[in-house]
Structures are given as C-alpha cells and as structure tokens.
Amino acid sequence: GVRGLQEPEVFNDLAQALKPTYQQGAGDSVYIKPFEYKFGLDLEMQSLFRNVRTAKDNFAMGVSLGNTVTGADVREALQSDAHKNEQGGISGRPLKEKALERSRQVYQEMGEEMDITLIGGIQNAQDVWNALTYGGAKAVDVYTAFVRPNTSTPNFAFYILRDLHRA
C-alpha cells in the first residue's frame with residue numbers, strides 16, 4: 001500500500017527516481033520546481049528523520065507531516081469517538097498532540113533546512129500559533145475542522161486569521 005512507500009529504503013529509491021521530474025533546464029540554468037513530500041505520523045522517529053533528510057537531499061522544499069494515523073496510540077486515546085473501532089485512519093483533533101510533537105522533533109532535527117507543513121488537529125488560531133511557534137512549521141493544512149458541520153462556519157478561515165492578527 002501507500003504507507004509502504006514511506007519505508008526508508010523504498011522512499012529513498014522513490015525520491016531518487018522522481019528527482020529528474022522536478023529539475024528543469026541544463027547546465028548553469030537548472031531550475032528545481034518547488035515540491036514537498038508527505039509523511040504519516042505512524043513512522044518511527046528515526047525512519048521519519050531519515051526520510052526527511054532523503055527528501056532534502058533530493059531537492060524537496062519541504063515536508064508535510066500528518067493527515068491520518070492508524071496507530072493504536074491515537075486510537076486507544078479516543079474516549080467516546082463512535083468511530084474508535086472502525087478500520088482505516090483517524091484524522092482531525094485526535095492527531096493534534098502527535099502532529100505537533102512530530103513537527104517539533106523534525107524541526108529540532110532539521111532546523112531551517114526543511115520547511116514543515118503540519119497537518120492534524122488544527123481547529124483554531126491557537127492551534128495554528130502552536131504549530132508555527134512550538135512546532136516549527138511554516139504552514140498548516142486544515143481539513144477536518146473546515147468540513148465538519150460541528151466545527152466549521154462560513155467564516156472559519158477569517159476567524160483564524162483575525163485571531164492570529166490579534167496574537
């Protein structure tokens with residue numbers, strides 16, 4: 001499956017194979033198209049660090065961390081979620097702490113060498129602020145809170161930006 005592509009040896013081969021796709025031109029006028037790779041939060045830290053370094057070595061401008069998890073650690077932490085025992089990945093609020101910690105760890109490992117987009121559990125301006133400061137992210141990706149009727153409003157993005165402006 002797709003998660004198998006994140007195994008460090010497999011990802012290394014994939015990144016090297018894709019490298020020419022992102023290069024344009026020749027000689028002194030080589031241009032690298034901006035792109036990033038996305039990694040799940042279920043990867044062990046050393047595998048994640050290795051993949052992030054591989055991404056950098058193969059000209060990625062950044063990495064996205066998060067989206068969904070299938071790991072038991074997040075699933076077992078769900079208190080009353082009706083979907084706790086379903087197959088597949090979990091997204092949204094249950095990922096918030098894990099995504100934030102992974103982002104921070106990657107930032108501590110890579111510093112400013114690799115841009116990070118944090119995905120998982122972003123619901124309000126405080127979550128964005130935490131991702132950008134504590135987590136070292138350059139950007140966030142919001143989906144679950146944006147589309148679920150109980151967390152989204154027509155002005156969802158406006159309220160986040162307004163509250164960030166006040167911070």
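Tutor: Helices (H or I, at least four residues) and strands (E, at least two) are DSSP runs, numbered from the N terminus. Asp13 sits in helix α1. This is a predicted model, where local features need pLDDT of at least 70 and side-chain atom pairs count only at pLDDT 80 or more, while totals for chains, interfaces and linings use all residues. Residues are numbered from 1 along each chain as its sequence is written, and side-chain values use heavy atoms, with hydrogens and water left out.

Student: Why is Asp13 called exposed?

Tutor: Exposed means over 50% relative accessible area, buried under 20%, and partly exposed in between (1.4 Å probe, protein chains only). Asp13 has 52% relative accessibility, so Asp13 counts as exposed.

Student: And what makes Asn58 buried or exposed?

Tutor: Asn58 lies in the loop between α2 and β4. Its relative accessibility is 5%, so Asn58 counts as buried. Leaving out residues up to four places away in sequence, Asn58 touches Ala15, Gln16, Lys19 and Phe35, where contact means heavy atoms within 4.5 Å.

Student: How do you know that the buried residues of α1 line one face of the helix?

Tutor: Those residues are Pro8, Phe11 and Ala15. Looking down the axis of α1, they fall within an arc of 60 degrees, so they line one face; the arc is that of the directions from the helix axis to the C-beta atoms. An α-helix has 3.6 residues a turn, so residues three or four places apart point the same way. Asp13 and Ala17 are exposed on the other side of α1, and the cover over the buried residues includes β3 and α2.

Student: Why is α1 called roughly parallel to α2?

Tutor: The two pack at an angle of about 10 degrees, with axes 10 Å apart. Axes are lines fitted to C-alpha atoms, for helices over the stretch in contact, and angles run from 0 to 180 degrees between N-to-C directions. Angles under 35 degrees count as roughly parallel, over 145 as roughly antiparallel, 65 to 115 as roughly perpendicular and the rest as oblique. That makes α1 roughly parallel to α2.

Student: What makes up the largest nonpolar core?

Tutor: A nonpolar core is a set of buried Ala, Val, Leu, Ile, Met, Phe, Trp, Tyr and Cys residues joined through side-chain atoms within 4.5 Å. The largest one here has 31 residues, and Leu48 is among those with the most contacts inside it. α2 gives the most to this core, with five residues.
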